[in-house]
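This report looks at how the parts of a two-chain model meet.

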Amino acid sequence: MRFLLDAEQRAFAASLDALLTAADTPAVIRDWSRGDHASGRALWSRVADAGVFALAVPEAYEGLGPRPVELAAAFVELGRHAVPGPLVETVTAAVLLEGADPGTAKRLLPALASGETMATVAAEGAYALDGDAAALRISWEPGRIRLSPGHGPVRPSLDPARRLTPLLPGGDLLALTADEALTWARLATAAQALGLGLALLDRTVGYVKQRTQFGVPVGAFQAVKHRLADARIALEFARPLVFGAALTMEPCDAAAAKAAACEAAYATARTALQMHGAIGYTAEYGLSLWLTKARALRTAWGAPEECRALVVSAGDRHR
Amino acid sequence: MDLVFSPADEAFRAEVREWLRAHVPRAPLPSLETEEGFAAHRSWEAELAADRWSVVNWPSRYGGRDAGLLRWLLFEEEYWAAHAPGRVGQNGIQLLAPTLLDHGTEEQRARVLPPMASGEVIWAQAWSEPEAGSDLASLRARAVRTDGGWLLTGQKTWSSRAAFADRAFGLFRSDPDAAKPHQGLTYLMFGLRAPGVTVRPIARLDGKPAFAELFLDEVFVPDEDVIGEPGRGWRIAMSTAGNERGLMLRSPGRFLASARRLEELWRRQGRPASVRDRVADALIGARAYQLFTYAAASRLLDGESAGPESSLSKVFWSELDIAVHETALDLLGPEGEMADTDWAERYVFALAGPLYAGTNEIQRDIIAERLLGLPKGRR
């Protein structure tokens, strides 16, 4: 038992972090929010070149996967930098397509692994993220996974960088079931939320060190310190759930990770907003790009209550 | 990265499980915070020790099995899952013993550890004083040099287990002229029935004498019972506090067992939807604490030392423990008010968690200043 990322995994995450730090993601996010996808697509290619999407695609389809631990490590970094686009959905689509007939999988999966194609997925009753940017759109209803012929109009999300569209009905049947896809979607979302929360905490710690009131940095006040300490605690205890789920790939573990990481990220977002005061409430200030996503990820791929229900129902199978 | 224990580790786990199946008392022992229960728990320590299960991670020459950190974690998981009795010797085992192993002499280890392992000598801690709680370095109880040792005078309080324990350990001011409060302190061990010691039990919330005040009037302590150098006690005590907050005091096994017991209770009560999320959070929290500890143990095995991260653990487990027991009492309905249930006993015990071993407010200060790098301020 050694429950730590190994040197290679840490180096992979660090290189992705460096790539994204140099990429000016706030400008990319603002472009994406306006429906201008050019800079986002360029960044997408670089993320794909780093091997991120290939981690969810088996070697038989020109991927490197399945490697859920590395994928989780990568999604922490994507979340840390609030990278826009249907990241989780492309991973989910890749897992769904593995259930399709080999010819279809062979035709569609390599382009997902290479980053040539963005994919999105609309689960039953939900919107597809960035349906206007994705070339491959999958509608996923129980027992019916279809290639959707198109998308409806974009609806605004609370997170401006998430452009939500309904998918048009009909289309070719791809597969019947996809048990594992939801686990991958939740794992990736949990990791993304964890990274988002870590970034929110970092930015807020930086802010309260330099913001002065009553003649001292506000970070010297215990009321401020303790809220930030609580955020750190919540995030540090979500982290092992995320990587534990990546190792077991049990649906209930992914659900637990999703609930804990999204709650931790959201609580950190609330704290970040409070600690920044009014400046944090503005759309112009960069913090908003992280804040709004923390809210959106809570409900994406299963709200906390849905995930908790799965955690307790897991006990039924062991009885 | 993996969560797979070796076949040898799994064989160890199986051996622990088998032993517990044969030995754990069918009916719970009386509360260890009562005289009768204290004696029963002391006998249980002897039973554990007879087959060398009381201190598995200690060196074998002191009564352990050299089992190492990972197997200690596995032992704890099995121990609490088996509903085995609370550990009346834990203050000595988890706080004093690591200090002796790091800072004591071989003579001290050989003399003190074996009777601690067998339950023959039960230890209490003597840190706090009426005017020195969170600000422990302001403590005033004195150690005055005398022929062949030291004379202790002053008052200690909130001394867990001291009502029925045999000996105690704590910090005393040996150099009142030292420049700073945390200098000039000496770490000493003393007998609770030595001449000059008065023990006044204190009733906790449920009336049981779980801790005590200690009045010391020129209590003689021989030099052989000083740990480390005189005047250097603060640093030694802080290493103990690190153990207390971190891995060693509250193993994940306890909380996994509590969370599963809560889940069973919830099922027995007809799975009420109103508390389903709280039951799930108990299971998630216990798993998170287990995995967090596995990661911490992996780092320790890589040769890293435990740092302020232990403050994260202490806040997390103490709040988790209260949440689990509050949920259980709510689930029990009218029975939840009764004081004579296991859940009530453990609830009262859990309530103290955020207070002892450094309050959770002190832990949050440590997290903010040492992990987040925020400026020091007035407490």
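## Interfaces in the model

Domain 2 of chain B and domain 3 of chain B bury about 490 Å² between them, and carbon and sulfur atoms give 56% of that area. Buried area here is the accessible area (1.4 Å probe) that two parts lose on being put together, summed over both. B:S134, B:R204 and B:L205 supply 67% of what domain 2 of chain B buries against domain 3 of chain B, more than any other three residues.

The model is predicted: local features need pLDDT of at least 70, side-chain atom pairs count only at pLDDT 80 or more, and totals for chains, interfaces and linings use all residues. Residues are numbered from 1 along each chain as its sequence is written, chains are lettered from A and ligands numbered from 1 in the order in which they are written, and side-chain values use heavy atoms, with hydrogens and water left out.

**Domains of chain B**

Chain B is divided into domain 1 (7-88), domain 2 (123-231) and domain 3 (246-371). Such bounds come from an automatic or database domain assignment. Taken over C-alpha atoms, the centres of domain 2 of chain B and domain 3 of chain B are 30 Å apart. In contact (heavy atoms within 4.5 Å) are 6 residues of domain 2 of chain B and 6 residues of domain 3 of chain B.

The rule finds 2 salt bridges across this interface of domain 2 of chain B and domain 3 of chain B. A salt bridge is a side-chain nitrogen of Lys or Arg within 4 Å of a carboxyl oxygen of Asp or Glu. B:E345 forms a salt bridge with B:R204, with 3.3 Å between the closest N and O atoms. On the side of domain 2 of chain B that touches domain 3 of chain B, the residues are 1 nonpolar, 1 polar and 4 charged.

**Domains of chain A**

Chain A is divided into domain 1 (7-177) and domain 2 (181-317). Their centres, over C-alpha atoms, are 22 Å apart. Contact involves 34 residues of domain 1 of chain A and 33 residues of domain 2 of chain A. The area buried between these domains is about 2,600 Å², with 74% from carbon and sulfur atoms.

Across this interface of domain 1 and domain 2 of chain A there is 1 salt bridge. A:K293 forms a salt bridge with A:D159, the closest N and O atoms being 2.9 Å apart. Helices (H or I, at least four residues) and strands (E, at least two) are DSSP runs, numbered from the N terminus. By class, that side of domain 1 of chain A has 25 nonpolar, 3 polar and 6 charged residues.

**Chain B against chain A**

Here 46 residues from chain B meet 42 residues from chain A. The two chains bury about 4,000 Å², of which carbon and sulfur atoms give 68%. B:M1, B:I284 and B:L372 supply 20% of the area that chain B buries against chain A, more than any other three residues.

Between chain B and chain A the count is 4 salt bridges. Two pairs are listed below.

| Salt bridge | Closest N and O atoms |
|---|---|
| B:D281 and A:R308 | 2.7 Å |
| A:D230 and B:R364 | 2.6 Å |

A:D230 lies in helix α8 of chain A and B:R364 in helix α11 of chain B, so this pair joins two chains.

The structure holds 24 aromatic pairs over all chains. Rings of Phe, Tyr and Trp (its six-membered ring) pair if their centres lie within 6.5 Å; planes under 30 degrees apart count as stacked, over 60 as edge-to-face and the rest as tilted. A:F237 and B:F292 form a stacked pair, 4.1 Å centre to centre with 20° between the planes. A:F237 lies in helix α8 (residues 222-248) of chain A and B:F292 in helix α8 (residues 276-301) of chain B, so this pair also joins two chains.

Note on methods. Ala, Val, Leu, Ile, Met, Phe, Trp, Tyr, Cys and Pro count as nonpolar, Asp, Glu, Lys and Arg as charged, and the others, Gly among them, as polar.
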